[in-house]
Amino acid sequence: MVQKLIPEINKVYFTNQYTLFHILSGSGSIQVDFKNYTNWQDKAIYLEKGQYIKFLSGDFVVRTIEFPNQEIFANQDVRVLFKHLISLGYINFDECAECQKYLSNTVFAENTKGIIDVSLKQWYWQNPFNASQNEYQVIFDIKEVVDQEFQNHLTNQDLVALIQDNGFNAQSLVRDKLGITIKTLLGNKRLTESKKDIAFTEKSIQEVSYDMGFKDPAYFNRVFKKNTGQSPSDFREQFDYYRKDTFIEDLTHLLHLHHKEERSLGFYADKMHLSVKALSKKTRDKMNDSLGRLIRNELINSSKKLLVEGESIKEVSLQLGFEEPNHFSTFFKLHTGLNPSEFKNQKVQVNAPFL
């Protein structure tokens, strides 16, 4: 099923089927499984069942494609799209002419396999971990084991025995390509699933700890707080699944309105009727990000939009409150890797109809 989604800000959208989210437009951040990500316009994300996505801004437009045929996802190649490793994987549609052509010319009435095929080609072309296809198969075999065994506190020996390494040293391969150990992958998965149980279920903290393979709930609490900075009970309260607290909506609205002329944390603290320290802490607790970085992201998103619309670098710098165009150019390149002129020349406008 294909549909257009204009998501509500800060609402949790669960994926009940394997789903592609194509971010057509929007600024600000998205959150997937408790991690925040920025700059997602015209990128596509495959999420598997059980994951969630939140949009931390109110101006996103998204195309979603649900895949009813689960057999597609039994394919060992296809899993690279939706089994994310250390960060959120994506397909960059700006760089994928075949993807754009497919979306322009296809109604998706019957066959959705085509978009998966072109996405796979693009993913391997992007090659996010600089690995061969055989190395990726071993890495994702390991991810399968992690996803199945995270509740069991396995030793390194146990893990190695479960992994089909096909002639590779599995531990070294993961460390070299992902920069972390298999034990860390396992711990990260256990932490994410613990957070889901705490945030989205009525289970007691004791029940969650036992379900995650901890024999001592007090030890689970210590491990959880060490990794998140919060106790499980505080995390449940701060996540605010039922959205009783409008903090994110209120702060996001202020950032949209004032980021072009106001960079001061004190300005936003006054508007939110909090001290700078309290606002900074609540922003980090609620949005997994710093207020300074949120302001910067708004500036980057606005500058990109203005540049794409054809505004000159001088005009953009004036609209965003920079004293000199070269100050803006330095800021832009520091945070995007391109100077404004390079960005304007590289940007590909996608004019395909929505469906």
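Reader: How close do the axes of helix α4 and helix α7 come, and at what angle do they cross?

Author: This is a predicted model. In it, the axes of α4 (residues 133-149) and α7 (residues 182-200) come within 9 Å. They cross at roughly 40°.

Reader: Which residues make the contact of α4 with α7?

Author: From α4 come I142, V146, D147 and E149. From α7 come I182, L185, L186 and K189. Sorted by class, this contact has five nonpolar residues, three charged and no polar ones.

Reader: What is the hand of the crossing where α11 passes α13?

Author: The crossing is left-handed.

Reader: Which residues of α11 and α13 meet?

Author: On the α11 side they are F247, I248, L251 and T252. On the α13 side they are L279, K282, T283, K286 and M287. By class, the contact of α11 with α13 has five nonpolar, two polar and two charged residues.

Reader: Now some single residues. Why does D33 count as buried?

Author: Buried means under 20% relative accessible area. D33 has 13%, so it counts as buried. D33 sits in the loop between β4 (29-32) and β5 (35-38). Its phi is positive, about 50°, although D33 is not a glycine.

Reader: Why does H273 count as exposed?

Author: The cut-off for exposed is over 50%. H273 has 72% relative accessibility, so it counts as exposed. H273 is in the loop between α12 (265-271) and α13. H273 is not a glycine either, yet it has a positive phi of about 60°.

Reader: How do you know that N297 is buried?

Author: Its relative accessible area is 11%. The cut-off is under 20%, so N297 is buried. N297 belongs to helix α14 (residues 291-308).

Reader: What is N297 in contact with, leaving aside its neighbours within four places in sequence?

Author: N297 is in contact with S29, T38 and D289.

Reader: On to the strands. What makes strand β3 mostly covered?

Author: Count its residues. Strand β3 (residues 18-25) has eight, and six of them are buried.

Reader: How do you know that β3 pairs with β8?

Author: Two strands pair if at least two bridges are found between them. β3 and β8 (residues 61-67) have seven bridges, so they pair. The sense is antiparallel. In this pairing, T19 stands opposite E66 in β8.

Reader: How many bridges join β3 to β6?

Author: Four bridges join β3 to strand β6 (residues 43-47). The cut-off is at least two, so β3 and β6 count as a pair. These strands run antiparallel. Here T19 stands opposite L47 in β6.

Definitions and conventions: Residues are numbered from 1 along each chain as its sequence is written. This is a predicted model: local features need pLDDT of at least 70, side-chain atom pairs count only at pLDDT 80 or more; totals for chains, interfaces and linings use all residues. Side-chain values use heavy atoms; hydrogens and water are left out. Buried means under 20% relative accessible area, exposed over 50%, partly exposed in between (1.4 Å probe, protein chains only). A crossing is left-handed if the near helix is turned anticlockwise from the far one by less than a right angle, and right-handed if clockwise. Contact means heavy atoms within 4.5 Å. Ala, Val, Leu, Ile, Met, Phe, Trp, Tyr, Cys and Pro count as nonpolar, Asp, Glu, Lys and Arg as charged, and the others, Gly among them, as polar. Axes are lines fitted to C-alpha atoms, for helices over the stretch in contact, and angles run from 0 to 180 degrees between N-to-C directions.
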